[in-house]
Each structure stands twice: as C-alpha cells, then as structure tokens.
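The sequence and structure come first.

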Amino acid sequence: MKNRLKIARAELDITQEELAKRIGVSRQTINAVESGKYVPSTVLALKMAQVFGKSVEEIFMLEDED
C-alpha cells in the first residue's frame, strides 16, 4: 500500500513525533507506515486522516499487488 503520509505531514508542518503524539502511537510506528513497512489498522488510518482533515483514500492508496 502506498501512502502520502509524509506529504500530508509536510503540508501541516508537523514531525513524525508530533503526529505520533496526536494519535497515540510511537514515532517508530509513523516511520514504519511512511516507509511502507507497516500497513496501519483501519482505526489508525482513520485517526491519521482525521488529523490531516482528509479522507483515508487521500492518504492511502492500494497498489496492484495489494
């Protein structure tokens, strides 16, 4: 799954640490999601989308192999 998490963070000018605190996870979790090493749960994806004021589909996109 591809994501635009890093771009969304840049638009709000927040760090991985700040995003992690807002949604109640570790900075390492945010890093793993951004780098594609971890696919977030539905709840986590919804929390991220809410922080950015975007839909989940605006941040996360399925790839052909998904």
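In which loop does D13 lie? D13 lies in the loop between α1 and α2. Helices (H or I, at least four residues) and strands (E, at least two) are DSSP runs, numbered from the N terminus.

This is a predicted model, in which local features need pLDDT of at least 70 and side-chain atom pairs count only at pLDDT 80 or more, while totals for chains, interfaces and linings use all residues. Residues are numbered from 1 along each chain as its sequence is written, and side-chain values use heavy atoms, with hydrogens and water left out.

Most residues other than glycine have a negative phi. At 67% relative accessibility, D13 counts as exposed; buried means under 20% relative accessible area, exposed over 50%, and partly exposed in between (1.4 Å probe, protein chains only). A positive phi, near 80°, is also found at G36, which follows α3.

**Helix α1**

Helix α1 covers residues 5-12, and its buried residues are L5, A8 and R9. Seen down the axis of α1, these buried residues fall within an arc of 100°, so they line one face of the helix. The arc is that of the directions from the helix axis to the C-beta atoms. The face turned away from the buried side carries the exposed residues K6, A10 and E11. The buried residues of α1 pack against β1 (2-3), α2 (16-23), α3 (27-34), α4 (42-52) and α5 (56-59). Contact here means heavy atoms within 4.5 Å.

Two packed helices are described by the angle between their axes and the distance between the axes. Axes are lines fitted to C-alpha atoms, for helices over the stretch in contact, and angles run from 0 to 180 degrees between N-to-C directions.

| Helix pair | Axes come within | Crossing angle |
|---|---|---|
| α1 and α3 | 9 Å | roughly 120° |
| α2 and α3 | 8 Å | roughly 110° |

Angles under 35 degrees count as roughly parallel, over 145 as roughly antiparallel, 65 to 115 as roughly perpendicular and the rest as oblique. In this contact, L5, K6 and R9 of α1 meet I30, V33 and E34 of α3. The residues of the contact of α1 with α3 comprise three nonpolar, no polar and three charged. For this count, Ala, Val, Leu, Ile, Met, Phe, Trp, Tyr, Cys and Pro are nonpolar, Asp, Glu, Lys and Arg are charged, and the others, Gly among them, are polar.

The other pair, α2 and α3, is roughly perpendicular. From α2 the contact takes in Q16, E17, L19, A20 and I23, and from α3 it takes in R27, I30, N31 and E34. Four of these residues are nonpolar, two polar and three charged.

In α3, the buried residues are I30, A32, V33 and E34. They pack against β1, α1, α2, α4 and β2 (60-61).

How accessible is E34? E34 is buried, with a relative accessible area of 18%. Leaving aside neighbours within four places in sequence, E34 is in contact with N3, L5, K6, R9 and Q16. E34 and L12 are 22 residues apart in sequence and 16 Å apart in space, C-alpha to C-alpha.

Q16 belongs to helix α2 and is buried, with a relative accessible area of 14%. Apart from neighbours within four places in sequence, Q16 is in contact with R9, R27, I30, N31 and E34.

K21 also lies in helix α2. K21 is exposed, with a relative accessible area of 66%. The C-alpha atoms of K21 and K6 are 16 Å apart in space, and the two residues are 15 apart in sequence.
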